[in-house]
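Hi everyone, thanks for coming. Let's take a look at this one together.

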Amino acid sequence: MQPEHSQPDDNSNSHNFTPNLDHDIGPDMNTQEGRQEVRKATAASAMGNMTEWFDYGVYAVAVTYITAHFFPTEGGTFMALATFALSFLVRPIGGLVWGPLGDKLGRKKILALTIIMMSLATFLIGVLPTYEAIGIAAPILLVLLRMVQGFSTGGEYGGAATFMAEYAPDRKRGFFGSFLEFGTLGGFALGTAVMLALQLMLGEEAMMAYGWRIPFFLALPMGLIGLYLRSKLEDTPVFQEMEEAGEAQQGGSLKELVMQYWRPMLTMTGLVIALNVVNYTLLSYMPTYLETQLGLSSSASLATILIGEVAMMAVIPFAGSLSDKVGRRPMWYASVIGLFVLALPMFWLMGQSFAWAIVGFAVLGLLYIPQLATITATFPAMFPSQVRFAGFAITYNIATAIFGGTAAMVNEAAIDSTGFLLFPAIYMMAACVIGAIAIKFMPETAGASLRGTEIPDALDTGILATVQQDETRTS
């Protein structure tokens, strides 16, 4: 991992493009048209992300139905969670394919392909025949569709974050970028809310028979809406400038990416471990944990998750805006330290009653927000324009595949083998220690320009440059 302001090994980067930062590019935030264009870019990014995480949210809260219809044998819950994890193992392949293409062909084109693949695969899960109808072919088809989802997600998330980061004004990247994660929580919350509403309206017998399929059908119209919104926008101003300068084809091979940018890739890996162990423990595993381990009813567990997610959504834009003022690193430190200190007490609290479960989950969710709110502002800024999509997508998806998608499965297996119900808290605490180490090497990029073929540096154009100027005036 690299020291805070160091640059990557520069053994073959002789084609540096340094833009003229004296003039701005992209939408003019002083005009109504410019503000409207940024809002459209924000909505287009967030809608695609919402579609992606709607699927994950629905699958997470439908594990009991998935188990009954596709894995009706001993150890079925573990197999259903393993299928959830399997889609994450395919994400790095998606990152390896979509990332370099996004740096060469443009962010917009790749995002159009990934959102269609993702929403169609989710829709098809809703029409799959069950194990009772076609035997072993049912779980095989489910696994294949989950792999398609993972492959498309490998490009969707990194592309959407890059798209949003490059459209947002430098000084408000945290605020606008937070709406991508607003879409993440919105997808989870919508999936949870739809499933809860159906349970209350249809009853458990109808849900088990056919009701569990209905939420998966909604993914296709959501994806089409996201595609429509994206089709109304040009590619990002940063990519267009790079393309005009002839740098869009200069990303190089995977070997060159790793050789030149291994330090930011390693730093980001540490951050993603903290981010996604917490994320998938809280948002994906928690419904299963509350039901099977703590004994809450299905409706009570879904209500707990939904209340916490809505609270997180209410706070996330404010956290993103705060990061524009104080920087990304203080926000991350506050989050990982807070989670490390309170993970054990809050998990213990959740086991006391339904009301305390709501409180415990909400506290952990709000402590997680400073990380979640700043992903879009932090991770794309760790790479220069010509490798930004690839660097983000490959690094993020590999780390997520190993430490994110497996979180539910690891937690379930550890509790089953040890009987220790507080294991998820210990797992989150260990991840936060790794994250705290990574933050030490994380560059501060709040306010920094994302233009050009060098790693953005807040000392040059961001909030740290302003601090230095103020110190110079007073000295």
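I'll go through the core, then a helix pair, then one glutamate.

First, some housekeeping: this is a predicted model, where local features need pLDDT of at least 70, side-chain atom pairs count only at pLDDT 80 or more, and totals for chains, interfaces and linings use all residues. Residues are numbered from 1 along each chain as its sequence is written, and side-chain values use heavy atoms, leaving out hydrogens and water.

So, the core. The largest nonpolar core has 114 residues, and Ile66, Leu282, Met286 and Phe379 have the most contacts inside it. By nonpolar core I mean buried Ala, Val, Leu, Ile, Met, Phe, Trp, Tyr and Cys residues joined through side-chain atoms within 4.5 Å; buried is under 20% relative accessible area, exposed over 50%, partly exposed in between, with a 1.4 Å probe and protein chains only. Helix 11, residues 254-293, gives the largest share of this core, 18 residues. Helices here are DSSP runs of H or I, at least four residues, numbered from the N terminus.

Next, the pair. Helix 2 (residues 63-70) packs against helix 7 (residues 173-209) at about 25 degrees, axes 13 Å apart. Therefore helix 2 is roughly parallel to helix 7, as angles under 35 degrees count that way. Axes are lines fitted to C-alpha atoms over the stretch in contact, and angles run from 0 to 180 degrees between N-to-C directions.

Finally, is Glu412 buried or exposed? Glu412 sits in helix 17, residues 407-418, and counts as buried because its relative accessibility is 6%. In sequence, Glu412 and Thr288 are 124 residues apart, yet their C-alphas are 8.7 Å apart in space.

Note on methods
Helices (H or I, at least four residues) and strands (E, at least two) are DSSP runs, numbered from the N terminus. Angles under 35 degrees count as roughly parallel, over 145 as roughly antiparallel, 65 to 115 as roughly perpendicular and the rest as oblique.
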